[in-house]
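Biologist: Could you take me through this structure? I have not worked with it before.

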Amino acid sequence: MFLAGETVRVKDQWPEATGPVHIRTPWYVRGLEGEVVRCLGEFSNPEDLAFARPAEKRPLYHVRFLKGAIWSEAKPDDELLIEIFGHWLEPVGQERP
Amino acid sequence: MNILETDSERLLTAVRSLLERKGIISTAEVMERMASTDAASSGQGARMVAKAWVDPAYRVRMLEDGTKAAEELGIVMRGMPPLGVLESTPEVHNLVVCTLCSCYPRAVLGYPPFWYKSASFRARAVRDPRELLASEWKTVVPDDVKVRVVDSTADYRWMVLPVRPAGTDGWDEERLAGIVREGDMIGVTVPAV
């Protein structure tokens, strides 16, 4: 579980490269750091649900990213707020897989 | 070509009959869902916004739990994804987009406008929202106001509680609801009188 205010990194993983998947983590934040705003509850993992496989409940977080960290031409303090499942997040400071 | 004789229409009829025959869903439930889908319109969201503007306790409940706040006004939320409400203020302007598909708070705003699903809107909303709003909607967000783009990527649906415009002092809920447009509740426009 992640706490509000915690800095997290979106995993720099690309399962799309290896076969059919259904991923709800946008490409443009993979590998980037953001801040957990709050946990939105637990929801069935869409990556299994989409293929009619048994889908575990996974925590879903609202994560804030500074626009300047994504696009250099953006106004630096504008922000993006994105729903990201916990299994796509890692604590910052941990070695990348 | 007769639209009732297309393959997709036959498939729909077959699936519906099977669902009914196997007791998974009744004809009445299908009709009820069709009626509530058709009844959903931005007028529902506008009623919520107007109430939040005149009733501070309702505003707090709405920001806490949009689904419950909608149900309080008699809006049918059963079977719909949870609704979250984001408040725009003089410091922050919210804009809702779904870059992965077209997630939209249909229960309270109805069907999304056609452009909401366009690749152009979706890409520009996250990358350069200020330019998008200014050039397509003449919505100019001042430099000292932060733009917060809400990419609706998963199980929630998001609507915006916009700032109540000046010049509406003393207005009742019905009159206020009349000035809230669909675009105001996803942040491409702001309410004006």
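Modeller: Strands S3(A) and S4(A) are paired antiparallel, with seven bridges between them. Please keep in mind that this is a predicted model.

Biologist: Which residue is the bridge partner of Leu60(A) in S4(A)?

Modeller: Leu60(A) is partnered with Phe85(A).

Biologist: How many bridges link S2 and S3 of chain A?

Modeller: Eight bridges link strand S2 (residues 33-44) to strand S3 (residues 57-66) of chain A, in the antiparallel sense. Within that pairing, Pro59(A) of S3(A) lies opposite Glu42(A).

Biologist: What is the strand order of the open sheet?

Modeller: The order is S5(A)-S1(A)-S2(A)-S3(A)-S4(A)-S3(B)-S2(B), which makes an open sheet of seven strands with mixed pairing. At its edges stand strand S5 (89-91) of chain A and strand S2 (92-97) of chain B; each has a single partner strand, so one side of each is without a neighbour in the sheet. From one strand to the next, the twist averages 35 degrees.

Biologist: How do S4 of chain A and S3(B) run where they join?

Modeller: Strand S4 (residues 79-85) of chain A and S3(B) run parallel and are joined by four bridges. Glu79(A) is opposite Arg148(B) of S3(B), and Ile82(A) has Asp151(B) as its bridge partner in S3(B).

Biologist: What does H7(B) touch when it packs on the sheet?

Modeller: H7(B) touches S4 of chain A, as well as S2 and S3 of chain B. The direction of H7(B) makes about 150 degrees with that of S2(B).

Biologist: Turning to the interface, how many residues of each chain are in contact?

Modeller: On chain B there are 15 residues in contact with 16 residues of chain A. On the chain B side, helix H7 (119-127) and strand S3 (146-151) each supply at least two of the residues. S3(B) provides the largest share, six residues. By residue class, the chain B side divides into seven nonpolar, six charged and two polar.

Biologist: What is the overall make-up of chain B?

Modeller: Chain B has nine helices and four strands. Their pattern along the sequence is α-α-α-α-α-β-β-α-α-α-β-β-α. The C-alpha trace of chain B spans about 60 × 35 × 30 Å along its principal axes. Of the 193 residues in chain B, 34% are buried. Among contacts in chain B with a separation of 6 or more, 69% join residues 24 or more positions apart.

Biologist: Is H3(B) mostly covered or exposed?

Modeller: H3(B) is mostly covered, with ten of its 13 residues buried. Among these buried residues are Met48(B), Val49(B) and Trp53(B), and Arg47(B) also belongs to the set. The elements covering them include helix H4 (56-64), helix H5 (66-72), helix H6 (106-109), strand S4 (157-161) and helix H9 (173-177) of chain B.

Biologist: And what length does H3(B) reach?

Modeller: Helix H3 (residues 42-54) of chain B reaches 19 Å from its first C-alpha to its last, close to the 18 Å expected at 1.5 Å a residue.

Biologist: Which residues have the most contacts inside the largest nonpolar core?

Modeller: They are Ile84(A), Val49(B), Leu95(B), Val108(B), Val149(B) and Met159(B), in a core of 58 residues. H3(B) gives the most to this core, namely six residues.

Biologist: What does Met159(B) touch?

Modeller: Leaving aside residues up to four places away in sequence, the residues that Met159(B) touches include Gly45(B), Leu83(B), Val85(B), Val108(B) and Ile186(B).

Biologist: One more topic, the backbone. Where is Ala52(A) found?

Modeller: Ala52(A) is in the loop between helix H1 (46-49) and S3 of chain A. Its phi is positive, about 60 degrees, although Ala52(A) is not a glycine. Most residues other than glycine have a negative phi. Ala52(A) has 7 other C-beta atoms within 10 Å, so it counts as exposed.

Biologist: And what about phi of Lys138(B)?

Modeller: Lys138(B) is likewise a residue other than glycine with a positive phi, near 60 degrees. Lys138(B) sits in the loop between helix H8 (129-137) and S3 of chain B. Lys138(B) counts as exposed because it has 8 C-beta neighbours inside 10 Å.

Conventions: Residues numbered from 1 in each chain as written. Chains lettered and ligands numbered in written order. Predicted model: local features only at pLDDT ≥ 70, side-chain atom pairs only at ≥ 80, totals over all residues. Contact = placed C-beta atoms within 7 Å. Nonpolar A, V, L, I, M, F, W, Y, C, P; charged D, E, K, R; others polar. Pairing = 2+ DSSP bridges. Expected span 1.5 Å × (residues − 1). Buried ≥ 20, exposed ≤ 12 C-beta atoms within 10 Å, placed from the backbone. Axes fitted to C-alpha atoms, helices over the stretch in contact; angles between N-to-C directions. Core = buried A, V, L, I, M, F, W, Y, C linked by C-beta atoms within 7 Å.
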